[in-house]
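Hello,

Here is the structure I promised to pass on.

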Amino acid sequence: MTAAAPTPVPERPASPFKELAGAPALLSLLGWSLVGRLHLSATLVALLVVAADNTGSYATAGLVTGALVLGQGITGPIRGRTVDRRPAARILVWTSLLYGAGLVGLAAVPEAAGWQTLAGVAFVVGLACPPSTQVSRCKVAQLATGTLRQRAYNLQATVNELVLVTGPGAASLCIAVVGPRASVAVCGALAALGGLGLARAVRRAGVDAPPVRTPGSEPDGRTPPGRSSLLRNPAAVRAIAAVTVLIAGFSVVDFVLISWSHSRGAPELGGLLTGVWAIASAAGGLAATFWLTGAAVLWRRLVLVTVGVALLLPALSERFGGGTVWAVAAALALGGTVIPPALAALYDSVADFAGDAHRAEAFGWIAATTTAASAVANPVAGAVLDRWGATAAAAIALTACCAATALIAGTRGKQGVG
């Protein structure tokens, strides 16, 4: 009698730690993307102080920093489209050197030149901002697939939170040590360093060139090879719009926290509360990166984000027993943890829907539209807050989260895994 063949034992999947450790090129790219983005939030703080010292007005200083952000946003889709068609490292090198030198020149603009000149120079410098965000996100999609790509996007979402927390603080420390003008120049050097380091990481990873486009039909929702415009891809446009309104909603939450704290006579609480939110988000991102397994539907993750933002309404309202710092902090701590997994799945869907031909351009549009949407959302939230209070303003952020969920629910195809 022939012995029965042994039942094959299924191979256990690699742990998240081993999976990420086995992709050093991916980790290097993610690390340099942190350095490449750190200057973004730090520069705004340093430039705001320079402009405020020159003009004596924070409103005018806001126009100067807004000019820099406007320049960055306008060219976002153009830089992304270039990355889709040209070697990414070369673009990073030239834009990083130009942008870094531009910030050094911006720091040297004399006070006698006036705020209009300062704003004009800031706008021109912003046009040369290196496409570190677009490159890092689209190259992740070239380096990884499936669960590993989801983990990478979770790490990137966590990195964004670290940038939000550390950038302004590092800028404030630098201003205290070397002064505001020198701090703007330091941000220029940091931007150049981050861009050049990311360019080297992209080359070493072997993903400098755009991905090779294979002929044939694409899966439902992606851009076919013959389609020349990303904006004719409904699924990609919906995913980009979902990211846009979601980020605008988060911007409104930041605005509400700062305004609510100021109205209580304790403006320092705004920084503490946004810090609680960012730290909770970073913790949720790390937990999702290393422990979240299995499949998940994107719209469900967005529902969780919506519920997290909804917690702010009773926390801010004295009518419902809220209106205390501890209630708001608890709502932020709970709601912040679900943000990075949702953003990671959203970015994964954008990369999937846009396809190889338009992936970096899609992330460029996200950079532009989120900037514009946040610029519009904050004044609207301010008007609502003045008339009806912080709870009503927070409802705008909740509405944005609901809109993002509805936009994704209307797409077909992949909705996020992992």
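**Aromatic rings in the model**

Tyr153 is buried, with a relative accessible area of 0%. Please keep in mind that this is a predicted model.

Tyr153 has a partner: together with Tyr347 it makes an aromatic pair, one of three in the structure. The two ring centres are 6.4 Å apart, and the angle of 55° between the planes makes the pair tilted. Tyr153 belongs to helix α8 (residues 146-178) and Tyr347 to helix α15 (residues 339-388), so this pair ties together parts that lie 194 residues apart in sequence. Tyr347 is buried as well, with a relative accessible area of 4%.

Arg137 lies over the face of the Tyr347 ring, 4.0 Å from its centre.

Now to another pair, formed by Phe250 and Trp277. How are these two rings arranged? Their centres are 5.7 Å apart and their planes meet at 85°; an angle over 60 degrees counts as edge-to-face, so that is what the pair of Phe250 and Trp277 is. Phe250 sits in helix α10 (residues 234-263) and Trp277 in helix α11 (residues 268-291), and the pair links these distant parts of the chain, 27 residues apart. Are Phe250 and Trp277 buried or exposed? Both of them are buried.

I hope this helps you find your way around.

Best wishes

Terms used:
Residues are numbered from 1 along each chain as its sequence is written. This is a predicted model: local features need pLDDT of at least 70, side-chain atom pairs count only at pLDDT 80 or more; totals for chains, interfaces and linings use all residues. Side-chain values use heavy atoms; hydrogens and water are left out. Rings of Phe, Tyr and Trp (its six-membered ring) pair if their centres lie within 6.5 Å; planes under 30 degrees apart count as stacked, over 60 as edge-to-face and the rest as tilted. Helices (H or I, at least four residues) and strands (E, at least two) are DSSP runs, numbered from the N terminus. Buried means under 20% relative accessible area, exposed over 50%, partly exposed in between (1.4 Å probe, protein chains only). A charge sits over a ring if NZ of Lys or CZ of Arg is within 6 Å of the ring centre and within 35 degrees of the ring normal.
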